[in-house]
Amino acid sequence: MFFLHNLERTVTLHPSFFGPRTKEYLTTRLLEDVEGTCTGQYYIICVLDSFLISEGRVVPGSGVAEYTIQYRAVVWRPFKGETVDAIVTSVNQMGVFADVGPLPVFVSNHLIPPDIKWDPNATPPQYTDNKDQVIEKGTHLRIKLIGTRSDVGSMFAIGSVKEDFLGSDPLILGKIAQTL
């Protein structure tokens, strides 16, 4: 789910950047350092604006200045039970690995419907029901997140396609492929 958060970050600036464009350098540095990162609890998608930049404080002994910047950002935090759209990155007999934006998700073969079976003879490797449902690399899946795990700078999730309206139904997911 997406949220709008007020966040704070300390940015250091080398003395060669002091001058009339200091605030521009600070905001550029903030965008480079923060956008697209994971805090372990959420992903910072986009910095909207920096609304408060403190006065610089020179760090003794080094000459660099520290600025505290308060900013607003759009963040994404995946929740248990959330339904998301993913793209399959790899398939093996243990299950399916997919990416939901920056979040890697694993779908175990126990969380795939029983009518969709592993086909070891197929090229590329895939799960199929020998009709219209095929899960292979590049397939768009609708996944329900069963749980998430957070590390210091990354997140990982376990998902399921075993419920109604989940999986690789071409009628549901065909429109997603057209928009990408």
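This is a predicted model: local features need pLDDT of at least 70, side-chain atom pairs count only at pLDDT 80 or more; totals for chains, interfaces and linings use all residues.
In total, the structure holds 7 salt bridges. One of them connects R142 with D85, the closest N and O atoms lying 2.8 Å apart; this pair also joins distant parts of the chain, with R142 in strand 11 and D85 in strand 5, 57 residues apart. D85 counts as partly exposed, at 36% relative accessibility. A further salt bridge is formed between R21 and E24, for which the closest N and O atoms are 3.1 Å apart. Both residues of this pair are partly exposed, R21 at 45% relative accessibility and E24 with a relative accessible area of 42%.

Strand 5 and strand 6 pair in the antiparallel sense over 5 bridges, and the hairpin that joins them passes through 2 residues. Within this pairing, S90 has F97 of strand 6 as its bridge partner. The hairpin formed by strand 6 and strand 7 has 2 residues between the strands, and G101 in the turn has a positive phi of about 65°. Elsewhere, 3 strands form an open, antiparallel sheet in the order 8-9-10, in which strand 8 (117-119) and strand 10 (134-135) are the edge strands, each pairing on one side only. Strand 9 (residues 126-128) is joined to strand 10 by 2 bridges, and Y127 has I135 of strand 10 as its bridge partner.

The largest nonpolar core comprises 24 residues, and those with the most contacts inside it are V96, L103, V105 and I143. At least two residues of this core are supplied by each of strand 5 (83-92), strand 6 (95-100), strand 7 (103-108), strand 11 (140-150) and strand 12, with strand 5 giving the most, namely 4 residues. When neighbours within four places in sequence are left aside, V105 is in contact with V96, F97, A98, V100, I143, L145, A157, I158 and G159. Apart from this core lies another, of 16 residues, among them L30, I44, I53 and V75.

S160 is placed in strand 12 (residues 155-160) and is buried, with a relative accessible area of 4%. Beyond residues up to four places away in sequence, S160 touches V107, L111, I143, K144, I146 and L166, while its side chain reaches the backbone nitrogen of K162 at 3.1 Å. D164, by contrast, lies in the loop between strand 12 and helix 2 (170-179) and is exposed, with a relative accessible area of 68%.

Key. Residues are numbered from 1 along each chain as its sequence is written. Side-chain values use heavy atoms; hydrogens and water are left out. Buried means under 20% relative accessible area, exposed over 50%, partly exposed in between (1.4 Å probe, protein chains only). A polar contact is a pair of N or O atoms within 3.5 Å; within protein, one must be able to donate a hydrogen and the other to accept it, and residues adjacent in sequence count only if both atoms are side-chain atoms. Contact means heavy atoms within 4.5 Å. A nonpolar core is a set of buried Ala, Val, Leu, Ile, Met, Phe, Trp, Tyr and Cys residues joined through side-chain atoms within 4.5 Å. Two strands pair if DSSP finds at least two bridges between them. A salt bridge is a side-chain nitrogen of Lys or Arg within 4 Å of a carboxyl oxygen of Asp or Glu.
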